[in-house]
Amino acid sequence: MAHQKKIITNRVAFLEKKVPLYASVLGLIGLLGLWEIVCSLKIVSPLFLPAPSAIVLTGWDMLVSGEITRNLGPSLYRIGIGYLIGSTVGIIVGLLLGFSKWADAIGTPVVYSLYPIPKIALLPLFVLWLGIGELSKVTIIALGVFFPVVINTYSGVRNVDQILIKAAITFGSNHFNVIRKVILPGALPMIFAGLKLAAGTSLLLLVAAEMIAAQSGIGSMVLHYGNLMITSKLMVGVLVLSILGLTFNRFLQWLENKLLPWK
């Protein structure tokens with residue numbers, strides 16, 4: 001019996017094995033090292049693929065000159081406002097669709113019929129309607145954020161245990177308290193899943209909007225240096241976008257851990 005127990009423990013030991021913190025960066029370090037070696041051996045022309053060291057040095061020069069800051073500011077403004085509006089409206093509408101049968105019957109078909117439309121394809125139309133200024137860019141980002149958030153919020157609300165909702169109503173809670181104290185906490189994991197998905201979408205739409213209708217911004221900077229075939233500066237823009245996306249995701253993960261300590 002003791003021998004059998006030992007075998008079972010050994011079989012599941014790999015599930016409990018802890019991975020050291022440095023393991024998460026090993027793959028990235030290996031990729032960068034291979035990239036640097038390939039560029040050092042002149043296997044690929046620097047015109048097409050500059051070395052990571054060259055990108056870092058170019059990025060430092062652009063940071064010191066203020067070029068990155070000048071372009072990063074407008075991008076942060078656009079994605080911040082657009083994401084805030086899209087996610088806020090998406091959560092409110094998702095809660096309404098999930099809680100109200102009338103809203104579900106009327107609004108859900110509309111949401112699911114509009115969701116498959118590529119939002120980038122609507123950008124020229126928004127420029128025509130709203131002009132080439134900030135409003136068209138913020139609107140397209142907000143629209144792209146809205147749909148993943150509203151769909152995930154709706155799914156989260158629908159998956160909340162109905163017994164908890166009925167119990168809250170039975171004990172005298174009004175609709176607002178049921179949403180605030182029962183439905184919203186239960187739907188938070190799915191809401192954060194939608195927020196994380198929307199973060200990537202917002203970054204994609206930001207770059208597209210700045211490439212089509214902007215004189216400043218990281219997307220505009222990438223397009224500019226791409227047209228001039230200055231690959232190192234183009235890659236600096238891509239690196240900034242990557243860091244921005246990673247920071248965005250880490251912030252949402254931190255916020256989720258704060259609001260969902262039991263997860």
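These legends describe close-up views of a predicted model.

**View 1. Helix H3 packs against helix H11**. H3 spans residues 52-65 and H11 spans residues 231-259. Their axes lie 9 Å apart, at an angle of about 80°. The two helices are therefore roughly perpendicular to each other, because angles of 65 to 115 degrees count as such.

**View 2. Residues at the contact of H3 with H11**. H3 contributes Ile55, Thr58, Gly59 and Met62. From H11 come Ser232, Lys233, Met235, Val236 and Leu239. By type, the residues of this contact are five nonpolar, three polar and one charged.

**View 3. A salt bridge joins Arg78 and Glu134**. The structure holds four salt bridges. In this one, the side chains meet at 2.7 Å, N to O. Arg78 sits in helix H4 (residues 67-99). Glu134 belongs to helix H7 (residues 134-158). The pair links distant parts of the chain, 56 residues apart. Is each partner buried or exposed, or something in between? Arg78 has a relative accessible area of 2%, so Arg78 is buried. Glu134, with a relative accessible area of 31%, is partly exposed.

**View 4. Arg78 and Glu134 belong to a network**. Glu210 is linked with Arg78 and Glu134 in a network of salt bridges.

**View 5. Arg158 forms a salt bridge with Asp104**. The closest N and O atoms are 4.0 Å apart. Arg158 lies in helix H7 and Asp104 in helix H5 (residues 101-114). The pair therefore ties together parts that are 54 residues apart in sequence. Arg158 is partly exposed, with a relative accessible area of 39%. Asp104 is buried: its relative accessible area is 15%, and buried means under 20%.

**View 6. Glu256 and Lys196 meet in a salt bridge**. The N to O distance between these side chains is 2.7 Å. Glu256 lies in helix H11, and Lys196 in helix H9 (residues 175-213). So this pair ties together parts that are 60 residues apart in sequence. How accessible are the partners, and what do they count as? Glu256 counts as buried, at 3% relative accessibility. Lys196, at 24% relative accessibility, counts as partly exposed.

Conventions. Residues are numbered from 1 along each chain as its sequence is written. This is a predicted model: local features need pLDDT of at least 70, side-chain atom pairs count only at pLDDT 80 or more; totals for chains, interfaces and linings use all residues. Side-chain values use heavy atoms; hydrogens and water are left out. Axes are lines fitted to C-alpha atoms, for helices over the stretch in contact, and angles run from 0 to 180 degrees between N-to-C directions. Helices (H or I, at least four residues) and strands (E, at least two) are DSSP runs, numbered from the N terminus. Angles under 35 degrees count as roughly parallel, over 145 as roughly antiparallel, 65 to 115 as roughly perpendicular and the rest as oblique. Contact means heavy atoms within 4.5 Å. Ala, Val, Leu, Ile, Met, Phe, Trp, Tyr, Cys and Pro count as nonpolar, Asp, Glu, Lys and Arg as charged, and the others, Gly among them, as polar. Buried means under 20% relative accessible area, exposed over 50%, partly exposed in between (1.4 Å probe, protein chains only).
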